[in-house]
Amino acid sequence: MTERFPHLIVAPVVLPLMTAALLLLLGQKRKRAKSIANVGAALAGLLVALEILHGADAGGLSGAARVVLMSNWEAPFGIVLVADRLSALMLVLVGVVSLCAALYAEAAWGRAGAYFHALFQIQLMGLNGAFLTGDLFNLFVFFEVMLAASYGLHLHGSGWPRVRSGLHYIAVNLLASSLFLVGLAVLYGVMGTLSMADIAEKIALVPARDRGLLHAGAAVLAVAFLIKAAIWPLNAWLVPAYSATSAPVAALFALMTKVGIYVLMRLSTLLFSAGASAQFGGTVLLYAGLATIAFGAIGLMASMSLGHIAGFSVIVSSGTLLASLGMGTPAVTSAALFYMLSATLAVSALFLLVELVERIGSDGQRRVPDLDVEPGEDTNLDDEEAPLVARAFPVSIALLGLAFMVCALLVAGLPPLSGFVAKLSLLTALLSPRGGGHASAGAPVPPAAWIFFGLLLLSGLAATISLARAGIRYFWSSGGRLPPRLKAVEAASLLGLILCCILLTLFAEPVLRTTSATAAGLHSPKAYIEAVLSMKPRPGPTRPVIDEEAP
Amino acid sequence: MEALLALVIGVLGGSGIWLVLRPRTFQVIMGLTLLSYAVNLFIFSMGSIFIDKPPLVRPGVPADLQHYTDPMPQSLVLTAIVIGFATTALFLVVLLASRGFSGTDHVDGTREEP
């Protein structure tokens, strides 16, 4: 296996870390340099992620995972970074969203506080690290890095709603971290190792009397990730926190729920895809995911502000992903991966849009004094129409309106964009339980799949109604107000995310091919385990001979 | 010793959970602190608990868990302590900010109904 850059997968962790350090050294004055460094590092991160994905995808169906032994120790003993297709896909997703969020932040938010850029980069480091790490304890460390940065970013800009929701957000996440550690410790107690590949290999050897403890540990660990992924009874923190924070941070936070999903996906397929504990927790995931979709759909119907709508969209997409993870077939997983790409981009765009759209009706300081007296709510609009007709239709409103419409189509999963492709492939996969598209039409569809089917369509309906209502209120009933001022970078970042979704639609077939290869690799984790455990350390030039014995 | 350790972890964890569910921010942070003590002790106890056994492999003594204690949970707990301490300190800052904004120490920022 000769690659162009064998150690490239270290870059997504090291690059943001170094950039953050540089940003701290730049001090508070050089704002322009900091902006350039932040956006540049995000762009470099995206390019690196694309290269890693290219490398991972070139490996054929067997999907050779790239492994780097960080301190040149063999896998179960040392720290490893592993990049297989799933990790690479997630890295690319982080790259795209972070680049757009960084661009957006340059309009205003980046200057609102001294350490925004550094925290932003640290958050990226945590996200990338969580996607790349090959052992559970480093996963915990990267989780904490990500969360610590997110606490700072969440409070960025201050204000009572942020502090209030931040207090809840941090308390919930500290509790989740405690659960994470408890689960980790139990798993270590049973397995004697924390390397994911090593656990996966040895899980068949666990005697029957220890199975209960193993399952308890895995369940406690899973609860920590489920809190992060916003599963139904544990997601009350999400909507207030995500809708209170600043727009670029909220866009980045849309990625954080996907970390929980990623870890569940990784661990459930590695640990429980075969053997005595096969499909452990699958039913729970399925029904809890369905409950999450229902909760999110009800929340969508109930929410009036666009921020809350975006928050509940995150919950709906989390529920969909968790439920499809609970189905446990490669076809559903493949469709779910495509759905995850599309939904994350769409929700991030929606979060960016929230702030821009709310400027339309806002009585901010940008109000130009020549506007006539504000008409009351019950004024006949025809009287106001006359001066409006003469005025040129503002570009910013047109752009925002179009962007809003595209986002609504994407989030609700209506044709012709990638949200529809994702939902369609998910529905198709649900109705052909054996996998392999239409060939297995004769096989019975489990009842849970029908419930999932119905809920998926209903949640799309709820999103359509809710977004249409919000669109009417923000764009149509705000006649007579001033058009919002839209900066070029804000428009560019928004359009960038939307463009990615359009590209995802146009190139749906190759992307779906990649996701189905990813899902196939996930559901037969032999290749992953072998790639990690067979990686040998490079002989050092002056390595002393030590009597090595396994601990 | 196992019973004592289990009892200590249980009491710490139980009090921590009770305090976290209380409505005052100070009680919540005390609860989180107690919980993190419980969790740290729990991780520590996951390595075999022995008295007078160093976490070192000594020459001449077989390297199995009969003769030395597992160094791994100790290093894990060290990291967990540092991270838990840092995040709790950060929570303290947010707690003070919340107190400043709302003028009350209720977790929701509103006074309780009498």
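Analyst: What follows is a quick tour by question and answer. This is a predicted model: local features need pLDDT of at least 70, side-chain atom pairs count only at pLDDT 80 or more, and totals for chains, interfaces and linings use all residues. Residues are numbered from 1 along each chain as its sequence is written, chains are lettered from A and ligands numbered from 1 in the order in which they are written, and side-chain values use heavy atoms, with hydrogens and water left out.

User: Start with chain A. How many helices and strands does chain A have?

Analyst: Chain A has 20 helices and 2 strands. Both are DSSP runs, numbered from the N terminus: helices are H or I with at least four residues, strands are E with at least two.

User: What share of chain A is buried?

Analyst: 56% of its 551 residues. Buried means under 20% relative accessible area, exposed over 50%, and partly exposed in between (1.4 Å probe, protein chains only). The accessible surface of chain A is about 22,000 Å², and carbon and sulfur atoms hold 68% of that. Those areas come from the Shrake-Rupley method with a 1.4 Å probe; for residues, only the protein chains shown count as cover.

User: And the contacts in chain A, what part comes from residues 24 or more positions apart?

Analyst: 81% of the contacts with a separation of 6 or more. Contact means heavy atoms within 4.5 Å.

User: Now the interface. How many residues of chain B are in contact with chain A?

Analyst: 29 residues of chain B, against 30 residues of chain A. The buried area is about 2,600 Å², with 83% from carbon and sulfur atoms. Buried area here is the accessible area (1.4 Å probe) that two parts lose on being put together, summed over both.

User: Which helices of chain B supply that side?

Analyst: H2 (25–46) and H3 (71–102) of chain B each supply at least two residues of the side that touches chain A. H3(B) gives the most, with 15 residues. The residues on that side of chain B divide into 21 nonpolar, 6 polar and 2 charged. Nonpolar covers Ala, Val, Leu, Ile, Met, Phe, Trp, Tyr, Cys and Pro; charged covers Asp, Glu, Lys and Arg; the others, Gly among them, are polar.

User: How many salt bridges cross between chain B and chain A?

Analyst: The rule finds 0 there. A salt bridge needs a side-chain nitrogen of Lys or Arg within 4 Å of a carboxyl oxygen of Asp or Glu. Over all chains, the structure holds 6.

User: Where is one of them in chain A?

Analyst: Asp198(A) pairs with Lys202(A), closest N and O atoms 2.9 Å apart. Both lie in helix H7 (residues 196–202) of chain A, 4 residues apart, about one turn of the helix. Asp198(A) is buried at 3% relative accessibility, while Lys202(A) is partly exposed at 33%.

User: What about chain B, which residue pairs with Arg24(B)?

Analyst: Asp105(B), at 2.9 Å between the closest N and O atoms. Arg24(B) is in the loop between helix H1 (2–20) and H2 of chain B and Asp105(B) in the segment after H3, so the pair ties together parts 81 residues apart in sequence. Arg24(B) is partly exposed at 26%, and Asp105(B) is partly exposed at 30%.

User: Last one. Thr69(B): buried or exposed?

Analyst: Buried, at 8% relative accessibility. Thr69(B) lies in the loop between H2 and H3 of chain B. Leaving aside neighbours within four places in sequence, its contacts include Ser48(B), Phe50(B) and Gln74(B).
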